[in-house]
Amino acid sequence: MNRRSFFARCLGAVLALSLGALLPAAAWANPAGSSYLPYFFSPAPKYVFFFLGDGMSASQIQATEAYLTTINGGSARVAEDLLRPENRLNMSKMPVNGMQTTFDAFALMTDSASSATAFGAGIKTKSGVIGMDENLIRSVKSVAELAHERGMKVGVLSSVPLNHATPAAYYASVTSRGLYNNIGAQMAESGYEFFGGAGLLAATGPARDGDTEHNLWDLLGAHGYELRNDRESILALKENPRDKVVAINPMLAGSESMPYAIDRPEGNLSLAEMTEVAIANLLGTRGPGRNPGFFIMVEGGKIDWAGHANDAMANIGDILDFDAAVGKALEFYNQHPHETLIIVTGDHETGGMTIGHATTGYTAYYDRLLGQSNSYEYFQNVHWAAHKEALESGYDWTRPDNLASTPEMVALIEQQFGLVWGELNEYQQQKLEDAYDMSMVGENRNSSAENSFLYGGYEPIVVTLTHVLNEEASIGWTSYAHTGVPVPVFAQGRTASAFAGFYDNTDIAKQLARVMRLPEMPVYRD
């Protein structure tokens, strides 16, 4: 060790001891309680990305990497193949890993409103509440709002409506996530520089009692926002940025969301492309003086929706799209490695996805997933709707072989899901027969309680087809709702080590505030 290095280490030790005597222990500890000193000896990150895979936990990540391995010519049964870099997601190759608990103030299984409030603002609240405490009395500021007050640019992106629960937690405070018009009004008042991805719910009127009745398009315009909703004009923002812009994909699916990535229509931007636009736009609107940096939140919201519907292929497709957006942040990091922090996590797991199934033992068959052409939603709205309309007249559900004796449906199942009727076992065929009857005329041989358990409110034949296909591949589902398992966290860049360890979801916001030199969280509004 040379003399300069020796004295530098001695000085660092003295500073550590001196500051340790003056500052609270929490300032020196990561969320898991281990000591570390990184961010006190380096500037705060200038560019911060927070990626949130809604409904994404370790099982969704592992399933996607097994699928990647398969489509890249490897085997999901061979460790050497699974470990190849090209078969790993961008997020899982990031150098810092952690794990967060996801429960909210009164439930082990959180919803997206309370979880987003936790990692956006640093407090526990109850399900359905955004940006307010569990008593619905005090509202809190988010990391994004505090960053904006400090002068940083802010971008909020999502594949589900921009006034949905997760994005809303970064700019709004409401007693109920269903107050979409009210949330949208707060979005217009936020002053954030970029919103992008999907559309808006209740844009011209209340979604429920107690909501406001603004025309959100007029309100956004009144607050200086420019709307872009075609591919060419959105991509143009990379070269000609705007101070305030809302970029909405030209073609939206149900509930004003982006279509599933597996169904993406020509002309739409992927979440990755929208992230690239957001980065360029925020960098290009610096205003007077020094570049203030930015905070960008990106939500892969339809990962969750696919989990609710128990559709593994739609789930995997949206994780790949979400991870490609992470890749855009990593490209930016490679250009600004000493100024950038990237965090990737989920808010909860959805669907109770398992890697393995009782019918496949210890063997995975991810190649069988390749037979599915589109999401459950696309199949239902396009193929199933047309089939039902053509054949429902005079349908007799008491016949035991309605599906098997309908060549059009047998062919459709093979064409859209790769399932060959004659190769299915008797149990699978019977499940599909029952579901087919239920979808055609609302009756079958099962009790109502059994049907509720089997279909969870989804179109019976559609959800049963995804169940059978997923089970064939060795993927199981236990729920149509959220589960309470902890969720992994990945980080890279300046002060990334602050997010190692096992901690609570509220610690993400608190630690972000520390490394970004923002006020200590939670910060309550006056």
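Two residues are in contact when their heavy atoms lie within 4.5 Å. With that in hand, welcome to this predicted model.

**A residue in a loop**
- Asn-268 sits in the loop that runs between strand 6 (245-248) and helix 10 (271-284).
- Its relative accessible area is 5%, so Asn-268 counts as buried, the cut-off being under 20%.
- Leaving aside residues up to four places away in sequence, Asn-268 touches Arg-231, Asn-249, Pro-250, Met-251, Pro-259 and Glu-273.

- Helix 14 (residues 407-417) and helix 17 (residues 460-473) have axes that come within 12 Å and cross at roughly 55°.
- That angle makes helix 14 oblique to helix 17.
- The crossing of helix 14 with helix 17 is right-handed.
- On the helix 14 side, Met-409, Ile-413 and Phe-417 take part, and they meet Ile-461, Leu-465, Thr-466 and Leu-469 of helix 17.
- By type, the residues of this contact are six nonpolar, one polar and no charged.

**The nonpolar cores**
- The largest nonpolar core has 60 residues, and those touching the most other members are Phe-50, Phe-195, Phe-295, Phe-499, Leu-512 and Met-516.
- Helix 18 (residues 506-515) gives this core its largest share, five residues.
- Phe-195 has contacts that include Val-156, Tyr-171, Met-187 and Val-246, not counting residues up to four places away in sequence.
- Another core, of 45 residues, lies apart from the largest one, and its members include Ala-309, Phe-417, Tyr-436 and Ile-461.

How values were computed
Residues are numbered from 1 along each chain as its sequence is written. This is a predicted model: local features need pLDDT of at least 70, side-chain atom pairs count only at pLDDT 80 or more; totals for chains, interfaces and linings use all residues. Side-chain values use heavy atoms; hydrogens and water are left out. Axes are lines fitted to C-alpha atoms, for helices over the stretch in contact, and angles run from 0 to 180 degrees between N-to-C directions. Helices (H or I, at least four residues) and strands (E, at least two) are DSSP runs, numbered from the N terminus. Angles under 35 degrees count as roughly parallel, over 145 as roughly antiparallel, 65 to 115 as roughly perpendicular and the rest as oblique. A crossing is left-handed if the near helix is turned anticlockwise from the far one by less than a right angle, and right-handed if clockwise. Ala, Val, Leu, Ile, Met, Phe, Trp, Tyr, Cys and Pro count as nonpolar, Asp, Glu, Lys and Arg as charged, and the others, Gly among them, as polar. Buried means under 20% relative accessible area, exposed over 50%, partly exposed in between (1.4 Å probe, protein chains only). A nonpolar core is a set of buried Ala, Val, Leu, Ile, Met, Phe, Trp, Tyr and Cys residues joined through side-chain atoms within 4.5 Å.
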